[in-house]
Amino acid sequence: MTFQPPPPPPGSTPPPPPPGGAPRGSGSFDPKSVNPLDWGIIGTGVLAFIFSFVDFYSGVSGSVGGRHVSTGAGSWTAWHTIFGGGFFAWFAMLFAVVAAILLAVQMFQPQVSLRVPARVAGVILFAVATVFEIIAIFVTPGIEAPLGVDADVSVDHGVGFWISLIVIVVGAVLSLMRAQQTNTALPGPLSNIPKIGS
């Protein structure tokens, strides 16, 4: 004989599923249960990752022997170099991708326990990624000049950089909107940001 839980009292309804997914232990996932803005946040992380490989840096410009030079030769990804000026763009991409992954884990695997709530981590990571990407407008990887040549040459930004910048800013805004909509307690000055969206 197996134990059966008592039926719910007449007129009562079962508890609602957790936000962003099916009830725990149900073994099924309904994509329609995920808020469209959450899909947008995950999508921005995916797009940032994709465009980090698309002509992130394209061409070189600078000063060689006192004369300005600019050429369209060559293209590099965001992952080309961490040092020599590529630090900020490299970590901007990394933070945006990690923010999207953490939210996806919360949405699709709610039983996984994260040290920091995914929404808090997402707002912080996208915000830092935005700041780093803006800094990367002015700080770019340099190119080593041939021995004996007086040159100060660095790479230019390509289409992948500019699209990634837009995508990361959108991810930061959507993350903040969803954190505010879900009444997530944000740390420090982030909690004082006026409410955006509905």
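**View 1. Packing of helices H3 and H4 in the predicted model**. Helix H4, which spans residues 159-181, packs against H3 at an angle of about 150 degrees, and the axes of the two helices lie 8 Å apart. Because angles over 145 degrees count as roughly antiparallel, H3 and H4 are therefore described as roughly antiparallel to each other. The crossing in which H3 passes H4 is left-handed.

**View 2. Residues in the contact of H3 with H4**. On the H3 side, the residues that meet H4 include Arg-119, Gly-122, Val-123, Phe-126, Thr-130, Glu-133 and Ile-137. On the H4 side, the residues that meet H3 include Phe-161, Trp-162, Leu-165, Ile-168, Ser-175, Leu-176 and Arg-178. Divided by class, the contact of H3 with H4 has 15 nonpolar, five polar and three charged residues.

**View 3. The largest cavity and its lining**. The count of cavities of 30 Å³ or more comes to one, and the largest cavity has a volume of about 50 Å³. Its lining is made up of Ile-41, Ala-99, Leu-103, Ala-118, Arg-119, Gly-122, Val-123 and Ser-175, which divide into five nonpolar residues, two polar residues and one charged residue.

**View 4. Helices that contribute to the lining of the largest cavity**. Helix H2 (87-108) and helix H3 (118-138) each supply at least two residues of this lining, and H3 gives the most, with four residues. Arg-119, Gly-122 and Val-123, which are among the lining residues of the largest cavity, are also among the residues of H3 that meet H4. Ser-175 likewise lines the largest cavity and is one of the residues in H4 that meet H3.

Definitions and conventions
Residues numbered from 1 in each chain as written. Predicted model: local features only at pLDDT ≥ 70, side-chain atom pairs only at ≥ 80, totals over all residues. Heavy atoms only, no water. 1 Å grid on protein atoms, 1.4 Å probe; cavity = no way out; pocket = protein on both sides within 12 Å on 5 of 7 lines; lining within 4 Å. Points joined across faces, edges and corners; volume = space filled by probe spheres on them. Nonpolar A, V, L, I, M, F, W, Y, C, P; charged D, E, K, R; others polar. Axes fitted to C-alpha atoms, helices over the stretch in contact; angles between N-to-C directions. Parallel < 35°, antiparallel > 145°, perpendicular 65-115°, else oblique. Left-handed = near helix turned anticlockwise from the far one by under 90°. Contact = heavy atoms within 4.5 Å.
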